[in-house]
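Hi,

Here is the structure I promised to pass on. Have a look at it first, and then read my notes below.

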Amino acid sequence: MRFLFLTVLAVAIALGLGTASVVFMLERFEGADALVVGPWHADRTTGSPTADPYAKARLARSGNLTLGLGEGVAFQARVDTANRELRRECAYRLEGAYPPARVWTLAAFDNGGRLIGGDGGRPRHLVSLNLMREDDNSALISIGREARPGNWLANAGTGPFVLALTFYDTPVSTDSGAAPVAMPLIVRTGCLADG
């Protein structure tokens with residue numbers, strides 16, 4: 001009887017630890033070919049047959065469609081440039097350079113992957129073709145609850161959020177890493193509560 005109990009206990013511990021390690025890797029591991037530029041993270045191989053097994057498992061679990069290798073690359077940011085968690089109670093500004101791309105989009109999502117914003121006609125996402133530009137062709141983008149002049153992405157509710165910046169038809173998706181990738185800074189400009 002003792003042998004049977006110890007066998008069942010060992011199997012239960014192995015299954016529990018194995019499951020916990022897989023869940024941890026799916027939530028935290030960014031991939032073997034992760035591209036990290038400041039607060040921005042992307043896995044260029046996610047939509048390709050050469051993606052690592054964890055990227056394939058994340059894709060199967062989420063059910064999202066991804067861009068194939070050479071089609072584009074999707075960057076995500078969960079923190080600002082000062083490494084503080086992005087919060088919907090705060091306002092942010094994207095400033096600086098963007099990688100070359102035929103077109104790119106910017107949207108905010110909650111941690112469950114649902115699109116944020118859009119209440120009362122507010123913009124749910126921004127497209128690079130429709131942005132107002134500075135004299136040097138840069139685009140400053142404000143993100144927050146309150147409308148701002150210029151380019152503004154609406155944000156509503158409370159809690160953390162994820163910024164998704166997706167570039168289509170860009171050399172970044174197939175680049176070997178020979179040249180540095182320029183990505184915009186995420187600067188916190190104000191907050192309703194300290195956080």
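This is a predicted model: local features need pLDDT of at least 70, side-chain atom pairs count only at pLDDT 80 or more; totals for chains, interfaces and linings use all residues.

Aromatic pairs first: there are four of them, counting rings of Phe, Tyr and Trp (its six-membered ring) whose centres lie within 6.5 Å, with planes under 30 degrees apart called stacked, over 60 edge-to-face and the rest tilted. Take Phe75 and Phe167: their ring centres are 6.0 Å apart and the planes sit at 85 degrees, so this pair is edge-to-face. It brings together distant parts of the chain, since Phe75 belongs to strand S3 (residues 72-77) and Phe167 to strand S9 (residues 162-168), 92 residues apart. Strands here (E, at least two residues) and helices (H or I, at least four) are DSSP runs, numbered from the N terminus. Both Phe75 and Phe167 are buried, where buried means under 20% relative accessible area, exposed means over 50% and partly exposed is in between (1.4 Å probe, protein chains only).

Then there is Tyr98 with Trp104: the ring centres are 4.5 Å apart and the planes are at 10 degrees, so that pair is stacked. Tyr98 is buried, and Trp104 is too.

Residues are numbered from 1 along each chain as its sequence is written, and side-chain values use heavy atoms, with hydrogens and water left out.

Now the overall picture. The protein has two helices and ten strands, and along the sequence they follow the pattern α-β-β-α-β-β-β-β-β-β-β-β. Of its 195 residues, 35% count as buried. If you look at contacts (heavy atoms within 4.5 Å) between residues at least 6 apart in sequence, 70% of them join residues at least 24 apart. The accessible surface comes to about 11300 Å², and 58% of that belongs to carbon and sulfur atoms; the areas come from the Shrake-Rupley method with a 1.4 Å probe, and for residues only the protein chains shown count as cover.

Next, a sheet to find on your screen. Four strands make up an open sheet in the order S8-S7-S4-S10, with mixed pairing; two strands pair if DSSP finds at least two bridges between them. Which strands stand at the edges? They are S8 (151-154) and S10 (185-191), each with a single partner strand, so one side of each has no neighbour in the sheet. From one strand to the next, the twist averages 25 degrees, using lines fitted to C-alpha atoms as axes (for helices, over the stretch in contact) and angles from 0 to 180 degrees between N-to-C directions.

Strand S4 (residues 90-95) runs antiparallel to S7 (residues 141-144), and three bridges join them. Across that pairing, Tyr92 stands opposite Ile143 and Arg93 stands opposite Ser142. S4 also pairs with S10, again in the antiparallel sense, over six bridges, and there Ala91 faces Gly190.

What joins Cys90 and Cys191? They form a disulfide, with their sulfur atoms 1.8 Å apart, and the count of disulfides is one (a pair of cysteine sulfur atoms within 2.5 Å). Cys90 is in strand S4 and Cys191 in strand S10, 101 residues apart, so the pair links distant parts of the chain.

Val37 is in strand S1 (residues 34-37) and is buried, with a relative accessible area of 18%. Leaving aside neighbours within four places in sequence, Val37 is in contact with Val181 and Met183. Val37 and Ala77 are 40 residues apart in sequence and 9.8 Å apart in space, C-alpha to C-alpha. Asn83, in the loop between S3 and S4, has a positive phi of about 65 degrees although it is not a glycine. Is Asn83 buried or exposed? At 60% relative accessibility, Asn83 counts as exposed.

Cheers
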